[in-house]
Amino acid sequence: EPLLACPNDPDDIKPLSEVANTHVDEVFIGSCMTNIGHFRATGQMLKQNEGALPTRLWIVPPTRMDEFQLTQEGYYNVFGDAGARTEMPGCSLCMGNQARVEPGCTVVSTSTRNFPNRLGDGANCFLASAEIAAVAAIVGHIPTMAEYMQFSKNIDPMSPDIYRYLNFNEIESFLKEAEKGKAMSSE
């Protein structure tokens, strides 16, 4: 059963069944702890949703290279169609000083810390996997195990299309830029 860290202590861990159905206002999927596969899985889950999200969803990949690849694969279109707020890759809400959630809201986050007031004044922050966070964004509360399984049943954890790491040495545009850099440094 998935585990979540409860507000506002990363050591207060509870199984999904103990916190399911807790109302959620905002969801943050980002931080250096996420990888490109988490965003692909989120996109696949969002494709299953019909209508507007009942939450404010923040999507912030850790690097520009992740953002570039997700754009190339069409996931930024999925995020936009869902009404997600996409931010410049990097820390964003996780850092707590670049953006803030609404005061007093309940958040599900993939960030690394959930200390009081880190994401917003009086915010109650649960830490969870990107997949749990994505379902929370869709249903407006921490999902039940049945809701989680419903949205994740089509995501194969061994799929090379979802949880494939981003290999920079396979991205043509980045290889070209690296060659330009090498040529400039040798002049």
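This is a predicted model: local features need pLDDT of at least 70, side-chain atom pairs count only at pLDDT 80 or more; totals for chains, interfaces and linings use all residues.
Let me start with F79, which counts as buried because its relative accessibility is 0%, where buried means under 20% relative accessible area, exposed means over 50%, and partly exposed is in between, with a 1.4 Å probe and protein chains only. Residues are numbered from 1 along each chain as its sequence is written, and side-chain values use heavy atoms, with hydrogens and water left out.

Now, back to the aromatic residues. Rings of Phe, Tyr and Trp (its six-membered ring) pair if their centres lie within 6.5 Å, and planes under 30 degrees apart count as stacked, over 60 as edge-to-face and the rest as tilted. By this rule there is one aromatic pair. Y76 and F79 form an edge-to-face pair, at 5.6 Å centre to centre and with 70° between the planes. Both Y76 and F79 lie in helix α4, residues 75–82, three residues apart, which is about one turn of the helix; helices (H or I, at least four residues) and strands (E, at least two) are DSSP runs, numbered from the N terminus. An α-helix has 3.6 residues a turn, so residues three or four places apart point the same way. Y76 also counts as buried, because its relative accessibility is 16%.

Next, strand β3, residues 26–30, is mostly covered, with five of its five residues buried. E26, F28 and G30 point one way from β3, and V27 and I29 point the other way. The chain crosses from β3 through helix α2, residues 36–47, to β4, and this β-α-β crossover is right-handed, meaning that, with the strands pointing away from the viewer, the path from the first strand over the helix to the second runs clockwise. β3 pairs with strand β4, residues 56–60, in the parallel sense over five bridges, where two strands pair if DSSP finds at least two bridges between them. G30 has V60 as its bridge partner in β4. Strand β6, residues 106–109, runs parallel to β3 and is joined to it by three bridges, and there the bridge partner of V27 is V108.

What about helix α5? Nine of the ten residues of α5, residues 130–139, are buried, so the helix is largely enclosed by the rest of the structure. Among the buried ones are A130, E131 and I132, and α5 is followed by G140, whose phi is positive, near 85°.

Finally, two details of the backbone. A cis peptide bond joins P7 and N8, with omega about -20°, and N8 is found in the loop between β1 and β2. N21, in the loop between α1 and β3, has a positive phi near 75°, in a residue other than glycine.
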